[in-house]
Structure formats: C-alpha cells, structure tokens
Amino acid sequence: KLINCLIHFYKRFNLNMIHLKIFHRHGYHATPCHVPYCDESDRIEELKRVFGEALTTVDDPSELANYINTRKSRLILDKCMIVTVSFSTFLVVGGKHGNIIMEGLVQKLDTLKKTAAFALAKMDVDEKEILPKTLVRTVEDMKDFLRRK
C-alpha cells in the first residue's frame with residue numbers, strides 16, 4: 001500500500017516538474033505583409049516551440065544555441081544568439097523585418113527543496129516569518145517567477 005502511495009505521489013508531481021514561460025519581446029509581424037511569400041509569423045511560432053524545447057531539455061545556457069541550431073526546422077535558417085540576464089534567457093534571431101527577441105524563463109523542480117518552494121510560492125506564504133532561512137530565498141525566486149508576465 002505504501003508503494004502505491006509513493007507511485008501516486010511521484011506521478012502527481014512528476015507531471016509539472018518543469019515550468020516554462022516564453023515572452024515575445026521584439027520582432028512582431030504585422031499582417032498583411034508587403035514582402036511577398038513572407039513567413040515571419042510562422043517563423044516566430046516555430047522559434048517559440050524550439051526555444052521552449054531547448055530550455056526544458058538543456059541545463060547549461062552555453063549549450064542552448066547549439067541545441068537550437070541542430071534542431072532547426074525549415075523555417076529557422078539563421079544562426080541564433082543566447083543571452084542570459086539573471087533568471088531570464090534571451091534568444092535573438094535575425095528576421096525579415098528586424099531582429100526577433102524572445103525571453104524564456106524556466107524553473108526545473110528537480111529537487112525536493114525547489115518543489116516545496118514552488119508549492120509555497122503558489123500558496124503565497126509569507127516566507128520571512130515562518131520558513132527556515134535555507135528556504136526563504138528559493139521561495140522568493142519562485143514568487144518572482146510566478147509574477148512574471
């Protein structure tokens with residue numbers, strides 16, 4: 001019976017172990033477009049998909065560009081540049097109408113500490129009064145992640 005409980009607990013929490021947010025910051029495509037056979041909107045959607053896949057798969061930001069360049073589709077022809085600022089990872093790719101910039105935030109809940117901090121942040125617990133010092137900073141980081149829009 002204990003094993004069934006553990007399996008249920010693992011399945012329940014394993015489904016949401018990676019939380020991802022992607023924001024399109026620059027390079028919007030206006031329609032109708034004056035460029036013939038312009039596929040910029042499709043390229044932007046494909047970039048979002050590939051960037052999200054890369055963020056959830058690769059742990060080291062220095063490997064993101066290589067991952068994206070090897071997983072290209074027919075719509076992504078240019079090389080990309082990856083920039084990290086604090087918890088954000090930015091993808092910069094040249095487009096037909098200027099640069100396309102996307103911001104990605106990922107929280108991998110691969111430890112019990114991160115999973116607990118994420119659950120406490122979702123419950124909006126006042127971390128400074130009741131939590132141990134080792135968990136306070138992690139809960140604050142998770143709250144910042146949840147607030148980002």
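**View 1. Helix H4 passes helix H6 in a right-handed crossing.** In this predicted model, the axes of H4, which spans residues 112-122, and H6, which spans residues 133-147, come within 8 Å and cross at roughly 60°. That angle makes H4 oblique to H6.

**View 2. Residues of H4 and H6 meet where the two helices are in contact.** From H4, the residues taking part are Lys-113, Lys-114, Ala-117, Phe-118, Leu-120, Ala-121 and Lys-122, and they meet Thr-134, Leu-135, Thr-138, Val-139, Met-142, Lys-143, Phe-145 and Leu-146 of H6. Sorted by class, this contact of H4 with H6 comprises 9 nonpolar, 2 polar and 4 charged residues.

**View 3. Four strands form an open sheet in the order E1-E4-E3-E2.** The pairing throughout this sheet of 4 strands is antiparallel. Its edges are strand E1, covering 18-26, and strand E2, covering 80-85, each of which pairs on one side only. From one strand to the next, the twist averages 25°.

**View 4. Strand E1 is joined to strand E4 by 8 bridges.** In general, the strands of a sheet pair through backbone hydrogen bonds, in either a parallel or an antiparallel manner. Here E1 and E4, the latter made up of residues 98-108, run antiparallel.

**View 5. Helix H6 lies across strands E1 and E4.** The direction of H6 is at about 50° to E1. H6 is also the helix that H4 passes in a right-handed crossing, while E1 is one of the edge strands of the sheet.

Methods:
Residues are numbered from 1 along each chain as its sequence is written. This is a predicted model: local features need pLDDT of at least 70, side-chain atom pairs count only at pLDDT 80 or more; totals for chains, interfaces and linings use all residues. Side-chain values use heavy atoms; hydrogens and water are left out. Axes are lines fitted to C-alpha atoms, for helices over the stretch in contact, and angles run from 0 to 180 degrees between N-to-C directions. Angles under 35 degrees count as roughly parallel, over 145 as roughly antiparallel, 65 to 115 as roughly perpendicular and the rest as oblique. A crossing is left-handed if the near helix is turned anticlockwise from the far one by less than a right angle, and right-handed if clockwise. Contact means heavy atoms within 4.5 Å. Ala, Val, Leu, Ile, Met, Phe, Trp, Tyr, Cys and Pro count as nonpolar, Asp, Glu, Lys and Arg as charged, and the others, Gly among them, as polar. Two strands pair if DSSP finds at least two bridges between them.
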